[in-house]
Amino acid sequence: MKRIFDILVSAFGIVLCTPIWLIVPIAIKLDSKGPVFYRQIRVGRHNKDFAIFKFRSMYVDSDKGSLITIGGRDNRITRVGYYLRQCKIDELPQLFNVFLGDMSFVGPRPEVRRYVDLYTPVQLQVLELRPGITDAASIKYRNENELLAAQVNPEQYYVDVVLPDKLSINLAYLQHHNLWIDLRLICQTILTILH
């Protein structure tokens, strides 16, 4: 049922977003050099790597350093990228990940291998689920960039505090999830973006 929902809604979303597929690439190319889309290897279901798609919102090679974004005005983010991130438009290409089956609309946000390697055996259970575009942890940490910007060592704080909390939220979702919970989380995500 969940997979059927993902296929139908992602296909509808891809068609519905046709104007975005035309306008955003032009804005990105006019703003900075580099490709329109950004691909990053993340860890998906059953601990398998996959390429996540996003509209590029940073300057080329900005991901060579820190893997977390700190603050809304991280100097690696392009002018257009800032607005794409504010409206979450940079995440829209993940509709293709959902359609292809790499991701679901709702599920634990996929991490990079560097952080997954830190998971305990219990935390690794979240990889039984297809990763998602949104989840309860994403809603709770919607201001994660600002939270990390306020820390002396943002990456250490992410590893020691934020990541374990996100994983505990997702482990609870693993135990109790269904289509109605997913629909509620999707609605909460939309409301969060609109505020």
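# Reading helices and buried charges

Q: Which parts of the structure do the buried residues of α3 pack against?
A: They pack against α2 and against β2 (residues 49-55). Keep in mind that this is a predicted model.

Q: Which residues of α3 are buried?
A: Look for residues under 20% relative accessible area. Helix α3 covers residues 79-86, and its buried residues are G81, Y82 and L84. They span an arc of only 165° around the axis, so they sit on the same side of α3.

Q: Which exposed residues does the other face of α3 carry?
A: Exposed means over 50% relative accessible area. On the face turned away from the buried side, R79 and Y83 are exposed.

Q: What follows α3?
A: Check the backbone angles there. K88 follows α3, and its phi is positive, near 65°.

Q: What about α2: where does I20 lie, and which residues does I20 touch?
A: I20 lies in helix α2, which runs over residues 18-31. Setting aside residues up to four places away in sequence, I20 touches P25, F55, I89 and L92.

Q: How is I20 classed by its relative accessible area?
A: Compare the value with the two cut-offs, 20% and 50%. The relative accessible area of I20 is 24%, so I20 is partly exposed.

Q: How many Å separate the C-alpha atoms of I20 and D102?
A: Compare sequence with space. I20 and D102 are 82 residues apart along the chain, and their C-alpha atoms are separated by 22 Å.

Q: Which residues of α9 are buried?
A: The buried ones are I181, D182, L185, I186 and T189. Their arc around the axis is only 140°, so they lie on the same side of α9. On the other side, W180 and L194 are exposed.

Q: What do the buried residues of α9 pack against?
A: Their partners are α1 (2-16), β3 (104-106), β4 (132-134), α6 (136-140) and α8 (154-175).

Q: Which residue caps the N-terminal end of α9?
A: Look for a side-chain oxygen beside a backbone nitrogen. Here the cap is N178. One of its side-chain oxygens lies 2.9 Å from the backbone nitrogen of W180.

Q: Where is E111, and is E111 buried or exposed?
A: E111 is in the loop between β3 and α5 (113-116). E111 is buried.

Q: Why does E111 have no salt bridge?
A: A salt bridge needs a side-chain nitrogen of Lys or Arg within 4 Å of a carboxyl oxygen. For E111 the nearest side chain of opposite charge is K166, 4.6 Å away, so E111 has no salt bridge.

Q: What polar contact does the side chain of E111 make?
A: The partner is the side chain of Y158, at 2.2 Å. Beyond four places in sequence, E111 is in contact with several residues, among them R42, V43 and L163.

Q: And K166: where is K166 found, and is K166 buried or exposed?
A: K166 is found in helix α8. Its relative accessibility is 15%, so K166 counts as buried.

Q: Which side chain makes a polar contact with the side chain of K166?
A: It is the side chain of E144, at 2.6 Å. Leaving out neighbours within four places in sequence, K166 is in contact with A137, Y141, E144 and Y158.

Q: How many residues apart are K166 and P108?
A: They are 58 residues apart in sequence, and 8.4 Å apart in space from C-alpha to C-alpha.

Definitions and conventions:
Residues numbered from 1 in each chain as written. Predicted model: local features only at pLDDT ≥ 70, side-chain atom pairs only at ≥ 80, totals over all residues. Heavy atoms only, no water. Buried < 20%, exposed > 50% of the residue type's maximum accessible area, 1.4 Å probe, protein only. Helix = DSSP H or I, 4+ residues; strand = E, 2+ residues; numbered from the N terminus. Arc of directions from axis to C-beta. Contact = heavy atoms within 4.5 Å. Polar contact = N/O pair within 3.5 Å; in protein donor to acceptor, adjacent residues only side chain to side chain. Lys, Arg positive; Asp, Glu negative; His and termini not counted.
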